[in-house]
Amino acid sequence: MKKNKNFDEAIRLVNSLLARDPNNEDALLQIADIQYQKGDIGKADKAVDFLNAKKKDDPLALYIKGILEMEKNNREEALKILKRALDLTNGDNHEILRCYGLCEYRYGHREKGIQHLEKSFAMNDKDAEVIYNLIQLHMLESHYNDAEKMIDYYLSHHDQLIVVDKDLNWYDRKISLFVKAIETKPQKKRKNVH
């Protein structure tokens, strides 16, 4: 249901599970995810807060809470929560590491953020979102050679890529925009050497 953006139906189905088992952690996480995708950060936050109150050291719940804090632009809180989630997984969850890296980058620790994303890529080099984020950050930093390498990687591994919330066509459209931007970027004038 979520993939078709039929959020109300998805919420109805998950709520029917919660009616039978109000402590169903997976269902609470699903409600938070649906509300987040729907754009209702406040309702997503309530579901995650309820889960975190029950189970303080759940890396997935902390990860979602960290993302919500990022969306609310609560830098310090987002970094703290995502770091806690990362520590609980011993740094072995590439998705938490990806989001922690984006959070670091977003709040001014640009090089550190890119390094975390590169580590996330090393852990799962077929995750389309990680590849997309790396290309995006390299473009923002004007690291066009690095962006081109990641685009080449994306294209050469296209059939093996893993997607979660978006379909591969979404990434294809975004990557094609990056390719056009690189092709049309102003070239530095070369000095004539005689």
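Q: A disulfide is a pair of cysteine sulfur atoms within 2.5 Å. Why is the sulfur of Cys103 in this predicted model considered too far from the closest cysteine sulfur for a bond?

A: The closest cysteine sulfur to that of Cys103 belongs to Cys99, at 8.9 Å. A disulfide requires the two sulfur atoms to lie within 2.5 Å, so the separation of 8.9 Å is too far for a bond. Seen from Cys99, the closest cysteine sulfur is that of Cys103, again 8.9 Å away and too far for a bond. The structure accordingly holds zero disulfides.

Q: Are Cys99 and Cys103 buried or exposed, and what shows this?

A: Cys99 has a relative accessible area of 5%, and Cys103 has 0% relative accessibility. Buried means under 20%, therefore Cys99 is buried and Cys103 counts as buried.

Q: How many aromatic pairs are there, and what makes the pair of Tyr132 and Trp170 an example of its class?

A: The count comes to five aromatic pairs. One of them joins Tyr132 and Trp170, with 5.2 Å centre to centre and 70 degrees between the planes. Ring centres must lie within 6.5 Å to pair, and planes over 60 degrees apart count as edge-to-face; the Tyr132 and Trp170 pair is therefore edge-to-face. This pair links distant parts of the chain, with Tyr132 in helix α8 (residues 128–140) and Trp170 in helix α10 (residues 168–184), 38 residues apart.

Q: Why does the pair of Tyr132 and Phe178 receive its own label?

A: The centres of these two rings are 5.9 Å apart and their planes stand at 35 degrees. Stacked requires under 30 degrees and edge-to-face over 60, so the pair of Tyr132 and Phe178 is tilted. It too links distant parts of the chain, since Tyr132 lies in helix α8 and Phe178 in helix α10, 46 residues apart.

Q: What accessibility class do Tyr132 and Trp170 receive, and why?

A: Tyr132 stands at 8% relative accessibility, and Trp170 has a relative accessible area of 23%. With buried set at under 20% and exposed at over 50%, Tyr132 counts as buried, whereas Trp170 is partly exposed. Phe178 is buried, as is Tyr132.

Q: Which residues form one aromatic cluster with Tyr132, and where does the charged end of Lys166 sit?

A: The cluster is formed by Tyr132, Trp170, Tyr171 and Phe178. The charged end of Lys166 sits over the ring of Trp170, 4.7 Å from its centre; the cut-off for this distance is within 6 Å.

Q: How is the accessibility of Glu118 classed, and why?

A: Glu118, which lies in helix α7 (residues 110–123), has 38% relative accessibility.

Q: Which residues is Glu118 in contact with, leaving aside its neighbours within four places in sequence?

A: Glu118 is in contact with Leu134 and His138, which means heavy atoms within 4.5 Å. For Glu118 and Leu134, the C-alpha to C-alpha distance is 7.4 Å, across 16 residues in sequence.

Q: How many helices and strands does the protein chain have, and what percentage of its residues count as buried?

A: The chain comes to 10 helices and zero strands. Of its 194 residues, 42% count as buried. Among contacts between residues at least 6 apart in sequence, 50% join residues at least 24 apart.

Notes
Residues are numbered from 1 along each chain as its sequence is written. This is a predicted model: local features need pLDDT of at least 70, side-chain atom pairs count only at pLDDT 80 or more; totals for chains, interfaces and linings use all residues. Side-chain values use heavy atoms; hydrogens and water are left out. Rings of Phe, Tyr and Trp (its six-membered ring) pair if their centres lie within 6.5 Å; planes under 30 degrees apart count as stacked, over 60 as edge-to-face and the rest as tilted. Helices (H or I, at least four residues) and strands (E, at least two) are DSSP runs, numbered from the N terminus. Buried means under 20% relative accessible area, exposed over 50%, partly exposed in between (1.4 Å probe, protein chains only). A charge sits over a ring if NZ of Lys or CZ of Arg is within 6 Å of the ring centre and within 35 degrees of the ring normal.
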